[in-house]
Amino acid sequence: MQIYNTLTKSKQELKPIREGEISMYVCGPTVYNLIHIGNARPMIVFDTFRRYMEYKGYKVNYVSNFTDVDDKIIKAANEEGVDASVISERYIEECKKDMQGMNVKPATVHPKATEEIGGMIDMIQTLIDKGHAYVAADGTVYYRTRSFEGYGKLSHKNLDDLQSGGRALLVTGEDQKEDPLDFVLWKPKKEGEPYWESPWCQGRPGWHIECSVMSKHYLGDTIDIHAGGEDLIFPHHENEIAQSEASNGVPFAHYWMHNAFLNIDNRKMSKSLGNFFTVRDISEKYDLQVLRFFMLSAHYRSPLNFSADLMEAAKNSLERIKGCASSLKFAIANKKDGLMDASLKEEGLKKAAEYVAGFEKAMEDDCNTADAISAVFELVKFINNELKEERDASYLQSLYDILVKLTDVLGLIMEEKEEILDEEIEDLISQRQQARKDKNFARADEIRDLLKEKGIILEDTREGVKWKRE
Ligand code: AMP
Ligand code: ZN
């Protein structure tokens, strides 16, 4: 697997720290509003990368945070007259709904900044003890940027260029800094803001420290991959490296992956420019699978311009793939075996394996989903031709399994699970309880399997049966 590493500015072979495992941290959204489709780009592309690594048999420990303490959250909370946590909890839930709609798998852990303050205080204290940070008179703790030799290695910037750009910062009230390049690790509370006790003052953490701490907490001092949008390279990721490496004394992440922007009219889609569509807006017009397909139709490091035309094209392309899958399903149900000879079958499966190889080659070339989709289309074309001939059901089933395996890596769902209502679930669960009482275990198992097929997981606890959706 070759991936482009921002740190070395080159494609490199991915060599995980632990064999068969990948540790990966992806910077997540600040939760003060519904996410826009620009925010959805890293979610979709890195979820696809994760799915591919899982397809290859790796165990992926995937951590993605929610920034739930921030000026914008506090502002939104004050406007509504509620606690900041009301805003962040609300938008975490909304974000999770959007993720589900886009078929983005939940991370192994979704830590929240406000639940990791203790770890942040510890890391800041270590940085102070090691001389990499200092406490100003008002209790603000700053990182002493020049004390970290490797500063600038990710963004390929040099400190003196930054120095001239950074002077302006002094006028913004941060006049207690030793150096304009220094950045905030901890800041004193202001009236009406949430705060935590700390050795320096009642206050709250700066933004950068949270990712250093959450990554360390869940994945260890050195991880395989750190990822996010390219706007995070500087200063966010540069500062994360400075914090983590200065406090832990070991490299922070071996590979840095950054997605390019989702643009609209060739400008970055962003909340501050006001030129955005939320994922929710899009879901009113399209199935979010279409949005996912649209995102994957470009390489993640190429800028992608959002347009109605491209969304329509994505919709049509997705329908073609899904159409092939449903024709296959229909044929499988209506055909028998014994219609083809073994060599014909072998030849067909060999052809299909070539498309799979093409798909893998594209994915292994820095996660080139655009080319991977082309390989899927070649497979679809081949299958559609096969469907015109007399073919065995079992052979068609093999083609179906191959198609689904590839589309699953892309997070595209070929077969919608039929929705099941809460009441129907409860009803089936009580039928299952009755069956067990009647010692009709076959029926009880049948009901469990039926629910499982619909994505409902049952858990027998002492308090009774609990269920959850997958
Ligand atoms: P934020 O909530 O702004 O911190 O963004 C969350 C994630 O979305 C980060 O990884 C950003 O880099 C990414 N992001 C924000 N806007 C865009 C955009 N227009 N295109 C691609 N990624 C973006
Ligand atoms: Zn981060």
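**A guided tour**

Visitor: Between which helices is the loop in which Lys439 lies?
Guide: Lys439 lies in a loop with a helix on either side. Helices are DSSP runs of H or I with at least four residues, strands are runs of E with at least two, and both are numbered from the N terminus. The loop of Lys439 runs between helix H14 (422-437) and helix H15 (441-453).

Visitor: What kind of model is this?
Guide: Residues are numbered from 1 along each chain as its sequence is written, and chains are lettered from A and ligands numbered from 1 in the order in which they are written. Side-chain values use heavy atoms, without hydrogens and water, while local features need pLDDT of at least 70, side-chain atom pairs count only at pLDDT 80 or more, and totals for chains, interfaces and linings use all residues, for this is a predicted model.

Visitor: Is Lys439 buried or exposed?
Guide: Lys439 has a positive phi of about 60° although it is not a glycine. Buried means under 20% relative accessible area, exposed over 50% and partly exposed in between, using a 1.4 Å probe and protein chains only. Lys439 has a relative accessibility of 63%, so it counts as exposed.

Visitor: What is the phi of His156, which is not a glycine?
Guide: His156 is found in the loop between strand E6 (141-143) and helix H5 (159-166). At 37% relative accessibility, His156 is partly exposed. Its phi is positive, at about 55°.

Visitor: How many helices and strands are there in the protein?
Guide: The C-alpha atoms fill a box of roughly 85 × 55 × 45 Å along the principal axes. Of the 470 residues, 50% are buried. The protein has 15 helices and 15 strands.

Visitor: Which residues does Arg51 touch, leaving out those up to four places away in sequence?
Guide: Arg51 is in helix H1 (residues 37-55), and at 8% relative accessibility Arg51 is buried. Contact means heavy atoms within 4.5 Å, and Arg51 touches Asn103, Lys105, Arg292, Asp408, Val409 and Gly411.

Visitor: How are H2 and H3 placed relative to each other?
Guide: Helix H2 (residues 71-80) and helix H3 (residues 84-101) pack at about 110°, with axes 8 Å apart; axes are lines fitted to C-alpha atoms, for helices over the stretch in contact, and angles run from 0 to 180 degrees between N-to-C directions. Angles under 35 degrees count as roughly parallel, over 145 as roughly antiparallel, 65 to 115 as roughly perpendicular and the rest as oblique. H2 and H3 are therefore roughly perpendicular.

Visitor: How do the residues of the contact of H2 with H3 divide?
Guide: Ile73, Ala76, Ala77 and Glu80 in H2 meet Ala84, Ile87, Ser88 and Arg90 in H3. Ala, Val, Leu, Ile, Met, Phe, Trp, Tyr, Cys and Pro count as nonpolar, Asp, Glu, Lys and Arg as charged, and the others, Gly among them, as polar. The contact residues are five nonpolar, one polar and two charged.

Visitor: Which helices do the buried residues of H10 pack against?
Guide: Helix H10 (residues 308-334) has 27 residues and reaches 39 Å between its end C-alpha atoms, close to the 39 Å expected at 1.5 Å a residue; the expected span is 1.5 Å times one less than the number of residues. Its buried residues include Met311, Leu318, Cys324 and Ile332. They pack against helix H8 (279-285), helix H9 (288-296), helix H12 (369-386) and helix H13 (393-409).

Visitor: Is the crossing of H10 and H12 left-handed or right-handed?
Guide: The axes of H10 and H12 come within 10 Å and cross at roughly 40°, which makes H10 oblique to H12. A crossing is left-handed if the near helix is turned anticlockwise from the far one by less than a right angle, and right-handed if clockwise. H10 passes H12 in a crossing that is left-handed.

Visitor: Which residues is Ser244 in contact with, apart from neighbours within four places in sequence?
Guide: Ser244 sits in helix H7 (residues 233-248). Its relative accessible area is 0%, so Ser244 is buried. Its contacts are Ser212, Gly249 and Phe252.
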